[in-house]
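Load the model in a viewer and keep the selection panel open. The stops below are given in the order in which to select them.

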Amino acid sequence: MFNWFRRQTQKSSQPEEPTSTPEVEPTPVETPTPQTSQDDYLTWAKTAYKNIQQRQETAPEPETLDNPTEKPQTPEVQPQEVTEALPAWMQKSERLDILKETALETETVPETPELAFDEEFVWSAKVLAAQGRTPDDISAEEISWLKRLRQGLGKTRRNLVNQLKAIVGQGPLNQDAVTEIEALLLQADVGVEATDYIINTLQTQLREEALPPEQAIESLKAILRDILDRPLQQVKNPGFAPEKDTLNIWLITGVNGAGKTTTIGKLAHLSQKSGYSCVIAAADTFRAAAVEQVKVWGQRSNTPVIANPGQNTDPAAVVFDAIAAAQARQIDLLLVDTAGRLQNKKNLMEELSKIRRIIDKKAPNAHVESLLVLDATLGQNGLRQAEVFAESAKLSGVVLTKLDGTAKGGVALAVAQQLNLPIRFIGAGEGIEDLRPFSSYEFVEALLNG
Ligand SMILES: Nc1nc2c(ncn2[C@@H]2O[C@H](COP(=O)(O)OP(=O)(O)OP(=O)(O)O)[C@@H](O)[C@H]2O)c(=O)[nH]1
(Lines give C-alpha, C1' and ligand atoms only; values in the text may rest on other atoms or scores of the structure.)
Protein backbone atom coordinates (compact mmCIF):
# COMPACT_ATOMS: atom_id res chain seq x y z
CA MET A 1 0.00 0.00 0.00
CA PHE A 2 1.45 3.36 -1.02
CA ASN A 3 1.52 5.83 1.86
CA TRP A 4 0.98 9.28 0.37
CA PHE A 5 1.50 11.00 3.71
CA ARG A 6 5.01 9.62 4.13
CA ARG A 7 6.15 9.96 0.58
CA GLN A 8 9.69 11.26 0.11
CA THR A 9 9.44 14.61 -1.63
CA GLN A 10 12.67 16.45 -0.91
CA LYS A 11 16.21 15.51 -1.71
CA SER A 12 17.24 15.78 1.93
CA SER A 13 14.32 14.16 3.72
CA GLN A 14 14.04 10.44 4.22
CA PRO A 15 10.75 8.59 4.41
CA GLU A 16 10.04 7.44 7.95
CA GLU A 17 8.95 4.04 6.77
CA PRO A 18 9.08 2.24 3.42
CA THR A 19 6.46 3.70 1.11
CA SER A 20 6.02 0.63 -1.06
CA THR A 21 7.66 -2.66 -1.79
CA PRO A 22 9.08 -2.86 -5.28
CA GLU A 23 7.73 -5.93 -7.04
CA VAL A 24 10.14 -5.80 -9.97
CA GLU A 25 13.81 -6.64 -9.92
CA PRO A 26 15.71 -3.37 -9.38
CA THR A 27 17.41 -2.18 -12.56
CA PRO A 28 20.73 -0.39 -11.99
CA VAL A 29 20.22 3.15 -13.26
CA GLU A 30 22.28 6.06 -11.95
CA THR A 31 20.41 8.63 -9.89
CA PRO A 32 20.64 11.83 -11.94
CA THR A 33 22.64 14.71 -10.47
CA PRO A 34 22.25 18.42 -11.30
CA GLN A 35 24.70 17.90 -14.18
CA THR A 36 22.72 15.01 -15.61
CA SER A 37 22.02 15.29 -19.32
CA GLN A 38 18.57 15.05 -20.91
CA ASP A 39 19.60 11.65 -22.35
CA ASP A 40 20.23 10.26 -18.87
CA TYR A 41 16.86 11.52 -17.67
CA LEU A 42 15.25 9.89 -20.67
CA THR A 43 16.90 6.56 -19.85
CA TRP A 44 15.75 6.94 -16.26
CA ALA A 45 12.20 7.72 -17.39
CA LYS A 46 12.11 4.78 -19.80
CA THR A 47 13.24 2.38 -17.07
CA ALA A 48 10.67 3.78 -14.68
CA TYR A 49 7.97 3.40 -17.35
CA LYS A 50 8.94 -0.21 -18.02
CA ASN A 51 8.88 -0.99 -14.31
CA ILE A 52 5.45 0.58 -13.85
CA GLN A 53 4.11 -1.39 -16.82
CA GLN A 54 5.52 -4.66 -15.49
CA ARG A 55 4.04 -3.98 -12.08
CA GLN A 56 0.64 -3.18 -13.61
CA GLU A 57 0.70 -6.40 -15.64
CA THR A 58 1.40 -8.51 -12.57
CA ALA A 59 -0.90 -6.58 -10.24
CA PRO A 60 -4.37 -7.87 -9.33
CA GLU A 61 -7.45 -6.22 -10.83
CA PRO A 62 -7.45 -2.48 -10.20
CA GLU A 63 -9.15 -1.63 -6.97
CA THR A 64 -12.41 0.23 -7.20
CA LEU A 65 -14.41 1.76 -4.44
CA ASP A 66 -17.22 -0.64 -5.29
CA ASN A 67 -15.00 -3.65 -5.03
CA PRO A 68 -11.96 -2.92 -2.92
CA THR A 69 -9.32 -5.63 -3.01
CA GLU A 70 -8.01 -4.54 0.35
CA LYS A 71 -10.90 -3.34 2.44
CA PRO A 72 -10.06 -0.23 4.45
CA GLN A 73 -10.51 -0.86 8.14
CA THR A 74 -13.51 1.36 8.43
CA PRO A 75 -15.97 0.63 11.16
CA GLU A 76 -19.60 -0.11 10.65
CA VAL A 77 -20.57 3.14 12.31
CA GLN A 78 -24.15 3.94 11.50
CA PRO A 79 -24.50 7.67 11.11
CA GLN A 80 -27.63 9.04 12.66
CA GLU A 81 -30.17 9.88 10.02
CA VAL A 82 -30.35 13.47 8.90
CA THR A 83 -32.70 13.25 6.04
CA GLU A 84 -36.16 13.07 7.49
CA ALA A 85 -37.00 16.77 7.74
CA LEU A 86 -35.22 18.41 4.86
CA PRO A 87 -36.46 21.91 4.07
CA ALA A 88 -38.05 22.23 0.63
CA TRP A 89 -35.26 24.45 -0.76
CA MET A 90 -32.76 21.77 0.03
CA GLN A 91 -34.73 18.91 -1.40
CA LYS A 92 -34.73 20.70 -4.73
CA SER A 93 -31.01 21.43 -4.61
CA GLU A 94 -29.68 20.85 -8.11
CA ARG A 95 -26.15 21.08 -6.82
CA LEU A 96 -26.80 18.19 -4.48
CA ASP A 97 -28.21 16.12 -7.32
CA ILE A 98 -25.15 16.83 -9.40
CA LEU A 99 -22.92 15.87 -6.51
CA LYS A 100 -24.80 12.61 -6.07
CA GLU A 101 -24.61 11.81 -9.77
CA THR A 102 -20.89 12.48 -9.97
CA ALA A 103 -20.38 10.51 -6.77
CA LEU A 104 -21.69 7.39 -8.50
CA GLU A 105 -19.44 7.98 -11.49
CA THR A 106 -16.28 8.29 -9.47
CA GLU A 107 -16.98 5.13 -7.50
CA THR A 108 -15.35 3.13 -10.25
CA VAL A 109 -12.23 5.25 -10.69
CA PRO A 110 -9.36 2.76 -10.91
CA GLU A 111 -6.58 3.08 -8.35
CA THR A 112 -3.83 2.62 -10.91
CA PRO A 113 -4.18 5.00 -13.82
CA GLU A 114 -3.18 4.10 -17.38
CA LEU A 115 -0.09 6.07 -18.31
CA ALA A 116 1.33 7.00 -21.68
CA PHE A 117 5.05 7.54 -22.18
CA ASP A 118 4.78 11.15 -23.24
CA GLU A 119 6.45 14.47 -22.57
CA GLU A 120 4.53 14.81 -19.29
CA PHE A 121 5.69 11.39 -18.13
CA VAL A 122 9.30 12.36 -18.81
CA TRP A 123 8.86 15.67 -16.96
CA SER A 124 7.31 13.91 -13.94
CA ALA A 125 10.02 11.26 -13.94
CA LYS A 126 12.66 13.98 -13.99
CA VAL A 127 11.12 15.67 -10.95
CA LEU A 128 11.16 12.36 -9.07
CA ALA A 129 14.70 11.52 -10.21
CA ALA A 130 16.00 14.89 -9.06
CA GLN A 131 14.68 14.09 -5.58
CA GLY A 132 16.90 11.04 -5.33
CA ARG A 133 14.27 8.45 -6.19
CA THR A 134 15.08 5.33 -8.18
CA PRO A 135 13.14 4.12 -11.22
CA ASP A 136 12.14 1.00 -9.26
CA ASP A 137 10.25 2.68 -6.48
CA ILE A 138 8.06 5.22 -8.23
CA SER A 139 4.39 4.56 -8.78
CA ALA A 140 1.97 5.29 -11.58
CA GLU A 141 -0.06 7.30 -9.10
CA GLU A 142 2.81 9.65 -8.36
CA ILE A 143 3.46 10.28 -12.03
CA SER A 144 -0.20 10.81 -12.64
CA TRP A 145 -0.45 13.38 -9.80
CA LEU A 146 2.61 15.28 -11.03
CA LYS A 147 1.07 15.46 -14.48
CA ARG A 148 -2.14 16.88 -13.00
CA LEU A 149 -0.17 19.38 -10.92
CA ARG A 150 1.77 20.55 -13.92
CA GLN A 151 -1.39 20.88 -16.02
CA GLY A 152 -3.16 22.65 -13.16
CA LEU A 153 -0.45 25.25 -12.80
CA GLY A 154 -0.26 25.78 -16.57
CA LYS A 155 -2.15 29.07 -16.52
CA THR A 156 0.00 30.62 -13.78
CA ARG A 157 3.11 29.35 -15.52
CA ARG A 158 2.14 30.80 -18.86
CA ASN A 159 1.00 34.15 -17.47
CA LEU A 160 3.77 34.76 -15.02
CA VAL A 161 6.67 32.52 -15.16
CA ASN A 162 7.64 32.39 -18.78
CA GLN A 163 8.06 36.17 -18.77
CA LEU A 164 9.83 36.01 -15.45
CA LYS A 165 12.26 33.45 -16.78
CA ALA A 166 12.98 35.60 -19.79
CA ILE A 167 13.85 38.60 -17.61
CA VAL A 168 15.81 36.73 -14.95
CA GLY A 169 17.63 34.75 -17.61
CA GLN A 170 19.09 37.94 -19.10
CA GLY A 171 21.62 38.31 -16.29
CA PRO A 172 22.17 41.22 -13.86
CA LEU A 173 18.91 42.97 -13.07
CA ASN A 174 18.64 46.59 -14.09
CA GLN A 175 15.92 48.85 -12.76
CA ASP A 176 13.61 48.18 -15.72
CA ALA A 177 13.87 44.43 -15.18
CA VAL A 178 13.12 44.83 -11.46
CA THR A 179 10.01 46.88 -12.22
CA GLU A 180 8.83 44.28 -14.72
CA ILE A 181 9.36 41.40 -12.31
CA GLU A 182 7.58 43.27 -9.55
CA ALA A 183 4.54 43.81 -11.76
CA LEU A 184 4.45 40.17 -12.84
CA LEU A 185 4.64 38.83 -9.30
CA LEU A 186 1.96 41.19 -8.04
CA GLN A 187 -0.35 40.20 -10.91
CA ALA A 188 0.00 36.56 -9.89
CA ASP A 189 -1.06 37.48 -6.33
CA VAL A 190 2.32 36.71 -4.83
CA GLY A 191 1.69 39.69 -2.54
CA VAL A 192 3.84 42.72 -1.73
CA GLU A 193 5.86 41.12 1.07
CA ALA A 194 6.90 38.00 -0.83
CA THR A 195 7.53 40.05 -3.99
CA ASP A 196 9.88 42.41 -2.11
CA TYR A 197 11.71 39.48 -0.61
CA ILE A 198 12.12 37.71 -3.96
CA ILE A 199 13.39 40.83 -5.70
CA ASN A 200 15.80 41.86 -2.95
CA THR A 201 17.27 38.37 -2.69
CA LEU A 202 17.57 37.99 -6.45
CA GLN A 203 19.16 41.40 -6.83
CA THR A 204 21.73 40.67 -4.14
CA GLN A 205 22.65 37.39 -5.78
CA LEU A 206 22.78 38.71 -9.30
CA ARG A 207 24.78 41.77 -8.24
CA GLU A 208 27.41 39.60 -6.61
CA GLU A 209 27.96 37.45 -9.66
CA ALA A 210 26.53 37.58 -13.16
CA LEU A 211 24.94 34.17 -13.36
CA PRO A 212 24.25 32.45 -16.66
CA PRO A 213 20.49 32.25 -17.38
CA GLU A 214 20.03 28.63 -16.26
CA GLN A 215 21.72 29.29 -12.93
CA ALA A 216 19.75 32.46 -12.43
CA ILE A 217 16.57 30.40 -12.78
CA GLU A 218 17.92 27.85 -10.29
CA SER A 219 18.51 30.73 -7.85
CA LEU A 220 14.97 31.93 -8.35
CA LYS A 221 13.65 28.43 -7.67
CA ALA A 222 15.69 28.18 -4.47
CA ILE A 223 14.28 31.52 -3.27
CA LEU A 224 10.70 30.38 -3.91
CA ARG A 225 11.29 27.04 -2.16
CA ASP A 226 12.80 28.89 0.77
CA ILE A 227 9.70 31.07 1.13
CA LEU A 228 7.39 28.05 0.96
CA ASP A 229 9.39 25.97 3.43
CA ARG A 230 10.15 28.67 6.00
CA PRO A 231 6.92 28.21 8.02
CA LEU A 232 7.95 24.59 8.59
CA GLN A 233 10.92 25.69 10.71
CA GLN A 234 8.66 26.49 13.62
CA VAL A 235 6.49 23.36 13.53
CA LYS A 236 7.20 20.07 15.25
CA ASN A 237 6.14 17.85 12.38
CA PRO A 238 7.51 18.89 8.99
CA GLY A 239 5.67 15.93 7.48
CA PHE A 240 1.94 15.70 7.98
CA ALA A 241 1.14 12.02 8.38
CA PRO A 242 -1.42 10.97 10.97
CA GLU A 243 0.37 9.43 13.99
CA LYS A 244 -0.16 5.70 14.36
CA ASP A 245 -1.65 4.24 17.58
CA THR A 246 -3.28 7.49 18.55
CA LEU A 247 -6.39 9.34 17.53
CA ASN A 248 -5.60 12.15 15.10
CA ILE A 249 -8.22 14.87 14.83
CA TRP A 250 -8.02 17.34 11.98
CA LEU A 251 -10.37 20.32 12.19
CA ILE A 252 -11.14 21.59 8.71
CA THR A 253 -12.09 25.26 8.61
CA GLY A 254 -12.68 27.84 5.92
CA VAL A 255 -15.43 29.94 4.39
CA ASN A 256 -18.17 28.17 2.44
CA GLY A 257 -17.30 27.66 -1.17
CA ALA A 258 -13.54 27.40 -0.55
CA GLY A 259 -13.71 23.65 -1.15
CA LYS A 260 -13.98 22.45 2.45
CA THR A 261 -16.38 19.57 1.85
CA THR A 262 -14.56 18.44 -1.26
CA THR A 263 -11.26 18.57 0.63
CA ILE A 264 -12.67 16.46 3.46
CA GLY A 265 -13.82 13.83 0.97
CA LYS A 266 -10.47 13.81 -0.81
CA LEU A 267 -8.56 13.64 2.49
CA ALA A 268 -10.72 10.75 3.69
CA HIS A 269 -10.04 8.90 0.44
CA LEU A 270 -6.30 9.65 0.63
CA SER A 271 -6.05 8.39 4.19
CA GLN A 272 -8.00 5.20 3.50
CA LYS A 273 -5.82 4.38 0.54
CA SER A 274 -2.65 5.20 2.50
CA GLY A 275 -3.61 2.74 5.23
CA TYR A 276 -5.29 4.95 7.84
CA SER A 277 -8.84 4.33 8.97
CA CYS A 278 -10.97 7.46 8.93
CA VAL A 279 -14.27 8.89 10.15
CA ILE A 280 -15.85 12.24 9.25
CA ALA A 281 -17.76 14.42 11.73
CA ALA A 282 -20.37 16.57 9.98
CA ALA A 283 -20.09 19.47 12.40
CA ASP A 284 -21.03 22.20 9.92
CA THR A 285 -24.55 22.15 11.31
CA PHE A 286 -25.10 25.79 10.44
CA ARG A 287 -26.26 24.70 6.99
CA ALA A 288 -28.20 21.43 6.65
CA ALA A 289 -27.10 21.06 3.02
CA ALA A 290 -23.51 20.97 4.21
CA VAL A 291 -24.26 17.80 6.17
CA GLU A 292 -25.80 16.21 3.09
CA GLN A 293 -22.80 17.13 0.98
CA VAL A 294 -20.40 15.64 3.48
CA LYS A 295 -22.45 12.45 3.46
CA VAL A 296 -22.14 12.23 -0.32
CA TRP A 297 -18.37 12.54 0.00
CA GLY A 298 -18.47 9.95 2.79
CA GLN A 299 -20.06 7.52 0.33
CA ARG A 300 -17.56 8.38 -2.35
CA SER A 301 -14.59 7.77 -0.10
CA ASN A 302 -16.14 4.80 1.70
CA THR A 303 -15.88 6.67 5.00
CA PRO A 304 -18.50 6.72 7.78
CA VAL A 305 -20.01 10.13 8.51
CA ILE A 306 -21.24 11.01 11.99
CA ALA A 307 -24.07 13.54 11.89
CA ASN A 308 -26.97 14.67 14.01
CA PRO A 309 -30.48 15.07 12.65
CA GLY A 310 -31.94 18.49 12.18
CA GLN A 311 -30.60 21.90 11.32
CA ASN A 312 -28.63 24.08 13.70
CA THR A 313 -27.86 21.29 16.13
CA ASP A 314 -24.85 21.75 18.36
CA PRO A 315 -21.64 21.10 16.40
CA ALA A 316 -19.77 20.27 19.61
CA ALA A 317 -22.28 17.45 20.25
CA VAL A 318 -21.54 16.00 16.81
CA VAL A 319 -17.83 16.14 17.58
CA PHE A 320 -18.50 14.43 20.92
CA ASP A 321 -20.36 11.56 19.18
CA ALA A 322 -17.72 11.30 16.49
CA ILE A 323 -14.88 11.03 19.03
CA ALA A 324 -16.78 8.29 20.87
CA ALA A 325 -17.28 6.38 17.60
CA ALA A 326 -13.64 6.86 16.58
CA GLN A 327 -12.37 5.70 19.97
CA ALA A 328 -14.66 2.66 20.05
CA ARG A 329 -13.32 1.52 16.67
CA GLN A 330 -9.72 2.63 17.16
CA ILE A 331 -9.86 4.92 14.19
CA ASP A 332 -6.66 6.67 13.11
CA LEU A 333 -8.06 9.90 11.72
CA LEU A 334 -11.16 11.93 12.51
CA LEU A 335 -11.88 14.73 10.03
CA VAL A 336 -14.14 17.45 11.42
CA ASP A 337 -16.11 19.67 9.04
CA THR A 338 -16.74 23.02 10.73
CA ALA A 339 -19.05 25.89 9.82
CA GLY A 340 -17.53 28.63 7.70
CA ARG A 341 -20.36 31.08 7.42
CA LEU A 342 -20.65 32.42 10.94
CA GLN A 343 -21.77 35.99 11.13
CA ASN A 344 -18.71 37.35 12.85
CA LYS A 345 -15.33 36.56 14.27
CA LYS A 346 -16.69 36.26 17.81
CA ASN A 347 -19.15 33.51 16.84
CA LEU A 348 -16.51 31.70 14.86
CA MET A 349 -14.08 31.85 17.73
CA GLU A 350 -16.69 30.69 20.25
CA GLU A 351 -17.72 27.75 18.12
CA LEU A 352 -14.19 26.61 17.41
CA SER A 353 -13.10 26.94 21.02
CA LYS A 354 -16.17 24.97 22.13
CA ILE A 355 -15.14 22.17 19.75
CA ARG A 356 -11.60 22.35 21.13
CA ARG A 357 -12.89 22.08 24.71
CA ILE A 358 -14.88 18.96 23.82
CA ILE A 359 -11.79 17.43 22.20
CA ASP A 360 -9.59 18.28 25.23
CA LYS A 361 -12.13 16.69 27.54
CA LYS A 362 -13.10 13.64 25.53
CA ALA A 363 -9.80 12.90 23.77
CA PRO A 364 -7.03 14.58 25.78
CA ASN A 365 -4.33 12.47 24.13
CA ALA A 366 -5.50 13.05 20.58
CA HIS A 367 -3.15 14.69 18.12
CA VAL A 368 -5.10 17.75 16.95
CA GLU A 369 -4.41 19.80 13.83
CA SER A 370 -6.38 22.68 12.42
CA LEU A 371 -6.32 23.20 8.68
CA LEU A 372 -7.65 26.21 6.82
CA VAL A 373 -9.05 25.56 3.35
CA LEU A 374 -8.26 28.49 1.04
CA ASP A 375 -9.53 29.05 -2.50
CA ALA A 376 -6.49 29.96 -4.62
CA THR A 377 -8.65 31.73 -7.20
CA LEU A 378 -9.48 34.41 -4.63
CA GLY A 379 -5.84 35.44 -4.43
CA GLN A 380 -5.17 38.22 -1.95
CA ASN A 381 -8.86 38.45 -0.96
CA GLY A 382 -8.67 34.91 0.34
CA LEU A 383 -5.76 35.89 2.55
CA ARG A 384 -7.82 38.52 4.31
CA GLN A 385 -10.40 35.84 5.22
CA ALA A 386 -7.55 33.64 6.31
CA GLU A 387 -6.37 36.22 8.82
CA VAL A 388 -9.73 36.04 10.63
CA PHE A 389 -9.49 32.27 10.83
CA ALA A 390 -5.84 32.39 11.86
CA GLU A 391 -6.84 34.46 14.89
CA SER A 392 -9.78 32.22 15.77
CA ALA A 393 -8.66 28.70 15.02
CA LYS A 394 -5.04 28.17 16.14
CA LEU A 395 -4.23 27.09 12.61
CA SER A 396 -1.51 24.60 11.92
CA GLY A 397 -1.59 24.71 8.16
CA VAL A 398 -3.40 25.53 4.95
CA VAL A 399 -5.02 23.48 2.21
CA LEU A 400 -4.84 25.46 -1.01
CA THR A 401 -7.64 24.45 -3.39
CA LYS A 402 -8.53 25.19 -7.02
CA LEU A 403 -4.96 25.66 -8.18
CA ASP A 404 -6.07 24.23 -11.48
CA GLY A 405 -7.25 26.77 -13.97
CA THR A 406 -6.22 29.84 -11.99
CA ALA A 407 -3.54 32.32 -12.94
CA LYS A 408 -3.16 33.16 -9.25
CA GLY A 409 -1.03 30.17 -8.26
CA GLY A 410 1.44 32.68 -6.84
CA VAL A 411 -0.85 33.04 -3.84
CA ALA A 412 0.90 29.98 -2.37
CA LEU A 413 3.93 32.20 -1.78
CA ALA A 414 1.78 34.88 -0.16
CA VAL A 415 0.25 32.27 2.18
CA ALA A 416 3.68 31.22 3.38
CA GLN A 417 5.11 34.72 3.59
CA GLN A 418 2.16 36.67 5.00
CA LEU A 419 0.41 34.07 7.13
CA ASN A 420 3.57 32.19 8.06
CA LEU A 421 1.60 28.96 7.75
CA PRO A 422 2.81 25.82 6.00
CA ILE A 423 0.78 24.63 3.04
CA ARG A 424 -0.04 21.01 3.86
CA PHE A 425 -2.16 19.88 0.91
CA ILE A 426 -3.05 21.24 -2.50
CA GLY A 427 -6.13 20.63 -4.60
CA ALA A 428 -5.82 20.76 -8.35
CA GLY A 429 -9.20 19.54 -9.60
CA GLU A 430 -12.68 18.49 -8.55
CA GLY A 431 -12.09 14.72 -8.59
CA ILE A 432 -11.45 12.54 -5.57
CA GLU A 433 -7.80 11.98 -6.60
CA ASP A 434 -7.08 15.67 -7.11
CA LEU A 435 -5.60 16.47 -3.70
CA ARG A 436 -2.18 15.50 -2.41
CA PRO A 437 0.31 16.55 0.28
CA PHE A 438 2.20 19.68 -0.70
CA SER A 439 5.82 19.55 -1.79
CA SER A 440 7.60 22.87 -2.31
CA TYR A 441 10.06 21.16 -4.65
CA GLU A 442 7.38 19.76 -6.93
CA PHE A 443 5.29 22.93 -6.79
CA VAL A 444 8.20 25.15 -7.82
CA GLU A 445 9.25 22.74 -10.57
CA ALA A 446 5.70 22.71 -11.92
CA LEU A 447 5.66 26.50 -11.74
CA LEU A 448 9.00 27.22 -13.35
CA ASN A 449 9.94 24.15 -15.32
CA GLY A 450 6.76 22.95 -16.90
N1 LIG B 1 -11.42 23.23 -10.01
C2 LIG B 1 -11.47 22.88 -8.73
N3 LIG B 1 -12.64 22.96 -8.08
C4 LIG B 1 -12.67 22.61 -6.78
C5 LIG B 1 -11.52 22.19 -6.07
N6 LIG B 1 -11.89 21.94 -4.78
C7 LIG B 1 -13.22 22.18 -4.71
N8 LIG B 1 -13.70 22.59 -5.90
C9 LIG B 1 -15.07 22.97 -6.27
O10 LIG B 1 -15.45 24.10 -5.51
C11 LIG B 1 -16.85 24.09 -5.26
C12 LIG B 1 -17.10 24.31 -3.78
O13 LIG B 1 -16.56 23.21 -3.09
P14 LIG B 1 -17.19 22.68 -1.71
O15 LIG B 1 -16.31 21.58 -1.25
O16 LIG B 1 -18.64 22.42 -1.82
O17 LIG B 1 -16.93 23.96 -0.82
P18 LIG B 1 -17.31 24.22 0.69
O19 LIG B 1 -16.21 25.07 1.22
O20 LIG B 1 -17.61 22.99 1.42
O21 LIG B 1 -18.58 25.13 0.55
P22 LIG B 1 -20.14 24.79 0.71
O23 LIG B 1 -20.40 23.64 -0.20
O24 LIG B 1 -20.82 26.04 0.30
O25 LIG B 1 -20.29 24.45 2.15
C26 LIG B 1 -17.35 22.75 -5.77
O27 LIG B 1 -17.95 22.94 -7.02
C28 LIG B 1 -16.08 21.91 -5.91
O29 LIG B 1 -16.17 20.93 -6.91
C30 LIG B 1 -10.27 22.14 -6.78
O31 LIG B 1 -9.19 21.81 -6.27
N32 LIG B 1 -10.32 22.50 -8.10
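**Stop 1: the two domains**

Begin where the domains touch: 20 residues of domain 1 are in contact with 20 residues of domain 2, two residues being in contact if their C-beta atoms, placed from the backbone, lie within 7 Å. To colour them, select 95–104 + 240–440 for domain 1 and 154–234 for domain 2; these bounds come from an automatic or database domain assignment. Taken over C-alpha atoms, the centres of domain 1 and domain 2 are 33 Å apart.

On the side of domain 1 that touches domain 2, H15 gives the most, with seven residues. Helices (H or I, at least four residues) and strands (E, at least two) are DSSP runs, numbered from the N terminus. That side of domain 1 has nine nonpolar, 10 polar and one charged residues. Here Ala, Val, Leu, Ile, Met, Phe, Trp, Tyr, Cys and Pro count as nonpolar, Asp, Glu, Lys and Arg as charged, and the others, Gly among them, as polar.

A note on the model: it is predicted, local features need pLDDT of at least 70, side-chain atom pairs count only at pLDDT 80 or more, and totals for chains, interfaces and linings use all residues. Residues are numbered from 1 along each chain as its sequence is written.

**Stop 2: H9 and H15**

Select 213–229 (H9) and 411–419 (H15): their axes come within 7 Å and cross at roughly 50 degrees. Axes are lines fitted to C-alpha atoms, for helices over the stretch in contact, and angles run from 0 to 180 degrees between N-to-C directions. H9 and H15 are therefore oblique to each other; angles under 35 degrees count as roughly parallel, over 145 as roughly antiparallel, 65 to 115 as roughly perpendicular and the rest as oblique. Show side chains for Leu 224, Ile 227 and Leu 228 in H9, which meet Ala 412, Leu 413, Ala 416 and Gln 417 in H15. This contact has six nonpolar, one polar and no charged residues.
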